[in-house]
Amino acid sequence: MKLNCITADDEPLALGLISAFVQQTPFLNLVGQYANGVEALQAIHNQPVHLIFLDIQMPNLNGMELARIISQTSSLGQTKIIFTTAYNQFAVEGYKVDALDYLMKPFGYEEFLRAATKAKNYVEQSSENNSHGCMFVKSDYKMVRIDFDSILYLESIKDYVKIHLTPPLAPVVTLNRLKLIEDKLPPSKFLRIHRSFVVAIPKIDSLSRNTVQIGNISLPVGDLYKDTFQELMGL
């Protein structure tokens with residue numbers, strides 16, 4: 001499959017070089033190149049974008065701010081990020097917004113291709129998981145199969161994700177970030193409602209503007225997710 005890509009960098013030479021790298025890579029499709037984060041954000045709202053090669057130091061809306069918006073907006077969850085920057089102090093922040101990779105300028109085509117291939121493998125694996133109706137997560141030193149239909153909700157607890165399943169199945173705990181697990185789930189069946197919770201829509205028993213009820217469990221709807229939640233749920 002070809003990945004739809006955009007590039008965003010306020011330096012014309014860097015933007016031209018990265019865009020050229022995208023165009024010469026057979027499995028990438030360049031659908032736009034932008035000089036600032038605001039234009040890039042508008043682009044991913046207007047069309048499906050699998051991957052953005054994103055500079056960090058940009059005026060108005062910088063790359064890290066844009067990445068936070070993407071990571072917190074469920075409708076943009078299909079867009080993955082590879083940072084391209086000359087500043088290594090952002091590596092830890094890049095991890096927090098679930099960036100797939102971090103390219104230090106100046107970089108050549110070989111480094112670019114390695115990062116792009118990593119993104120391609122990630123997207124293909126996520127698509128395969130969705131088509132099979134299940135995913136595998138590492139828990140207790142083994143890979144455990146989780147059927148999507150058995151999931152009630154996912155809970156982030158520090159560096160772990162606890163996957164709550166329909167009784168009598170016991171919860172499964174995996175050392176992972178919630179966003180990475182969320183990306184493996186079919187978006188039509190699961191919804192992020194809080195920085196710590198993703199719920200299975202078919203398992204919701206009742207809801208209000210601030211809470212979701214699954215069985216006897218009441219889960220909060222975070223402020224960052226209320227607009228998207230209420231729009232999808234017709235509240």
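Biologist: At roughly what angle do the axes of helix α2 and helix α3 cross?

Modeller: This is a predicted model. In it, the axes of α2 (residues 37–46) and α3 (residues 63–72) cross at roughly 20 degrees and come within 10 Å.

Biologist: Why is α2 called roughly parallel to α3?

Modeller: Angles under 35 degrees count as roughly parallel. The crossing is at roughly 20 degrees, and therefore α2 is roughly parallel to α3. The crossing of these two helices is also right-handed.

Biologist: Which residues of α2 and α3 meet?

Modeller: From α2, the residues are Gly37, Ala40, Leu41 and Ile44; from α3, they are Leu66, Ile69 and Ile70. The contact of α2 with α3 has 6 nonpolar residues, 1 polar residue and no charged residues. Gly counts as polar, whereas Ala, Leu and Ile count as nonpolar.

Biologist: What makes Ile44 count as buried?

Modeller: Buried means under 20% relative accessible area. Ile44 has 3% relative accessibility, so this residue counts as buried. Ile44 lies in helix α2. Ile44 and Arg209 are 165 residues apart in sequence, and their C-alpha atoms are 27 Å apart in space.

Biologist: Which strands does α2 lie across?

Modeller: Helix α2 lies across β1 (3–8), β2 and β3, and runs at about 165 degrees to β1. Angles over 145 degrees count as roughly antiparallel.

Biologist: In what order do the 5 strands of the open sheet with parallel pairing stand?

Modeller: The order is β2-β1-β3-β4-β5. From one strand to the next, the twist averages 20 degrees.

Biologist: Why are β2 and β5 said to stand at the edges?

Modeller: β2 (28–34) and β5 each have a single partner strand, so one side of each is left without a neighbour in the sheet.

Biologist: How do you know that β4 and β5 pair?

Modeller: Two strands pair if at least two bridges are found between them. Strand β4 (residues 80–85) and β5 have 4 bridges, in the parallel sense, and therefore they meet the criterion. Within this pair, Thr84 has Leu103 in β5 as its bridge partner.

Biologist: What makes β8 and β9 a pair?

Modeller: The requirement is at least two bridges. Strand β8 (residues 151–157) and strand β9 (residues 160–165) have 6 bridges in the antiparallel sense, so they qualify. The bridge partner of Ile151 is Leu165 in β9. The hairpin of β8 and β9 has 2 residues between the strands.

Biologist: How do you know whether Asn60 is buried or exposed?

Modeller: The cut-off for exposed is over 50%. Asn60 has a relative accessible area of 72%, so this residue is exposed. Asn60 also has a positive phi, about 65 degrees, although it is not a glycine. Asn60 lies in the loop between β3 (51–55) and α3.

Biologist: How many bridges does β9 share with β10?

Modeller: β9 and strand β10 (residues 172–175) pair over 4 bridges in the antiparallel sense. Lys162 has Val173 in β10 as its bridge partner. A hairpin of 6 residues joins β9 to β10.

Biologist: What kind of peptide bond joins Pro167 to Pro168?

Modeller: The bond is cis, with omega near 10 degrees, and Pro168 is found in the loop between β9 and β10. A cis peptide bond also joins Lys105 and Pro106, where omega is about -5 degrees. Pro106 is found in the loop between β5 (101–104) and α5 (109–132).

Biologist: Which strands form the open sheet of 3 strands?

Modeller: They are β13, β14 and β15, in the order β13-β14-β15, with antiparallel pairing. The edge strands are β13 (206–207) and β15 (217–220), and each pairs on one side only. Strand β14 (residues 211–214) is joined to β15 by 4 bridges. In β15, Pro220 is the bridge partner of Thr211.

Methods. Residues are numbered from 1 along each chain as its sequence is written. This is a predicted model: local features need pLDDT of at least 70, side-chain atom pairs count only at pLDDT 80 or more; totals for chains, interfaces and linings use all residues. Side-chain values use heavy atoms; hydrogens and water are left out. Axes are lines fitted to C-alpha atoms, for helices over the stretch in contact, and angles run from 0 to 180 degrees between N-to-C directions. Angles under 35 degrees count as roughly parallel, over 145 as roughly antiparallel, 65 to 115 as roughly perpendicular and the rest as oblique. A crossing is left-handed if the near helix is turned anticlockwise from the far one by less than a right angle, and right-handed if clockwise. Contact means heavy atoms within 4.5 Å. Buried means under 20% relative accessible area, exposed over 50%, partly exposed in between (1.4 Å probe, protein chains only).
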